[in-house]
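Please look at the sequence and the three-dimensional structure below, and keep both at hand while reading this briefing.

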Amino acid sequence: MRLLDAHSDLGPLPQVGRGFIDALERSGLAGRGGAGFSTATKWRAVGQRSRGDAVILVNGAEGEPQSKKDRVLMTAQPHLVLDGAFVAARVLRARRIVLYIGERHQAARAALARALERRPEPELRLVTFAAAPARYVAGAEAAAVHLVNEGFATPTTVPPYPFERGVDGAPTLVQNVETLAHVAVLARTGSLPGTMLLTFAGGVDHAGVVEAQVGTTIGDAVAMAGGPSSVPRAVLVGGYFGRWMRREEAWQLPLTPAAVLGCGVIGLLPEGRCPVCDTAEIMSYLAGESSAQCGPCFFGLRALADACTRIAEQGSNPGDLERLHRWAAEVRGRGACKHPDGAGIFLSSALSVFAADFAAHAPHVRWQSA
Amino acid sequence: MSSRLHVVVDRIKCDGSGLCAELLPELIRLDDWGYPILAQGPVPEHLRPLAERVVEECPMLAIALHRGKRTP
Amino acid sequence: MSNSVLWYATRGAGAVTIILLSCVVILGILSALRVQGESWPRFLTTGLHRNLALMTLVFLALHIVTAVVDTYTNLGWAAALIPFSSYYRTFWLGLGAIAFELLLAIVATSLVRAYIGHNMWRLIHWLTYTAWPVAVLHGLGTGTDTWSAWMLAITAACIAGVGAAIVLRLAAASRDPLATHRSAFRTAVERRDSR
């Protein structure tokens, strides 16, 4: 049973108890929200602390701009997502489910609302919707909890982690919608689909969402998306939260949740597109998405973006290059959330894979975006 | 699992005042914008009084000493 | 103890208190301005601020005790603690009681800062900007020596010093590039989010 296959009436949800967490553990399910964290470990952490007051926060924020898999899943299979949420609610003894959907994902929200109406009344009472602002970090766990509690989708200092004290101060499971869909399949069929959802962007013929077996190589997965539209020079594995890899390295990489951070976005950089200019644009975007709460992120990412832009617009210079390397390393681990880490790792990978371009960039006319 | 103390900064409360780096330069230095960069590892025993003073003197109460390293 | 000794002690301690208090306020402002030099680290400013504040309390205590104990004015302890409850120069003395209690609150909260958190501490600490002028007015109104040359000079110097520091503080708030950048950024984020 694959995630995106059309499903007719699935029937009532199977009864599951605390023992389901063991089944989760045996299955080895890893989260699909970007961190690849063990789902069973998360559930145990919440389950141990729940006194019948746990909260399930269904994370459909999908803040990564190029990612489409979560909204596609929610729109096509809302019942699967809801099943996973209700299984979690039963196992972890939750009394509230929050559907945290990106405010621009109207179709997804509508699909979930329609699907909810067809569920039994007692289940309906548990559920509320919350709109995630269209910001990059809105999908981070602490930011999601913060939004529901106080209306601001900005990260808060952890600890305390959401599994200890989250929505309404209660132990909260923040789980990506795709992960919950996997949970639903496990609960209904006894085994996982063994697949993962990917979004292809950039130089592929059929950009969009693909469901591939876990372990498929990137090269084979690209073929599923219609193949590259031109010879790609490099691959961005994991969207802006991931890293660049040279085509030769990337093509053989088996896809697993741990290998593909940043919720499954695979971007192809075609030959002829300037990686320095693209990196500068992405860094400016990431700098603009800082919550402006922590100095190293706010000032560091802006400085990194400015230096990249200077190299892009005025050509390479040793001073900026040295600063890029230094700052990219320095921002890591010095914010309240992982946003600066992600940006730093992204930039470091660009500096490594495109070292020659960064060292010898001369200003040129930019490619128009496709 | 060490029972040694680690310096921990609340990055949201921290305002880049920089007193920490003045008092404990062995473990804390400032980046280009005045925000602390912490040395890895636990606080050496002989620096512990200074570390406790840093906790008290931080204008934003952003620094704390934690026992053992908390991993998510 | 003879009355006039107590009386001189009260006036002397009062003068020292207002000088010390003014230094404390100036140091507090310099601390907020992040003033530092080659051989003047920031923790020196904050350390001095704290130590002088405690010294201020000592002289303030001396000032109050000698005033209350003095049988000449028959003030009684109530006058020191309950504003506007004395017969003697009711209003001006009352201001002194107010300033005293404000300072007590400010120092007490500073001592337990770690327990009440930064925001609450900051809120009460801002009362300094009330306590200091009230103390100065109290000195001008009750002081027997107010119009003597030396007391005028002291008061003028205190007011000039604190006034200059306040002006610096207001000017610097708009000149600190990092703070300006950060608040501009946050405004832009909020504006974008509310669209």
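Helices (H or I, at least four residues) and strands (E, at least two) are DSSP runs, numbered from the N terminus. This is a predicted model, in which local features need pLDDT of at least 70 and side-chain atom pairs count only at pLDDT 80 or more, while totals for chains, interfaces and linings use all residues. Residues are numbered from 1 along each chain as its sequence is written, and chains are lettered from A and ligands numbered from 1 in the order in which they are written.

- A residue is buried if 20 or more other C-beta atoms lie within 10 Å of its own, exposed if 12 or fewer, and partly exposed in between, with C-beta atoms placed from the backbone.
- Because five of the six residues of β7(A) (residues 232-237) are buried, this strand is largely enclosed by the rest of the structure.

**Backbone features in loops**

- Most residues other than glycine have a negative phi, and most peptide bonds are trans.
- The peptide bond from A:Val158 to A:Pro159 is cis, with omega near 0 degrees, and the bond joining A:Pro159 and A:Pro160 is also cis, with omega about 10 degrees.
- A:Pro159 lies in the loop between α7 (141-150) and β4 (172-176) of chain A, and A:Asp168, whose phi is positive at about 55 degrees although it is not a glycine, lies in the loop between α7 and β4 too.
- A:Ala292, in the loop between α11 (275-288) and α12 of chain A, has a positive phi near 60 degrees, and this residue is buried, with 22 other C-beta atoms within 10 Å.

**Where the chains meet**

- Two residues are in contact if their C-beta atoms, placed from the backbone, lie within 7 Å; 12 residues of chain A are in contact with 11 residues of chain B.
- Helix α12 (residues 295-314) of chain A gives the most to the side of chain A that touches chain B, with three residues.
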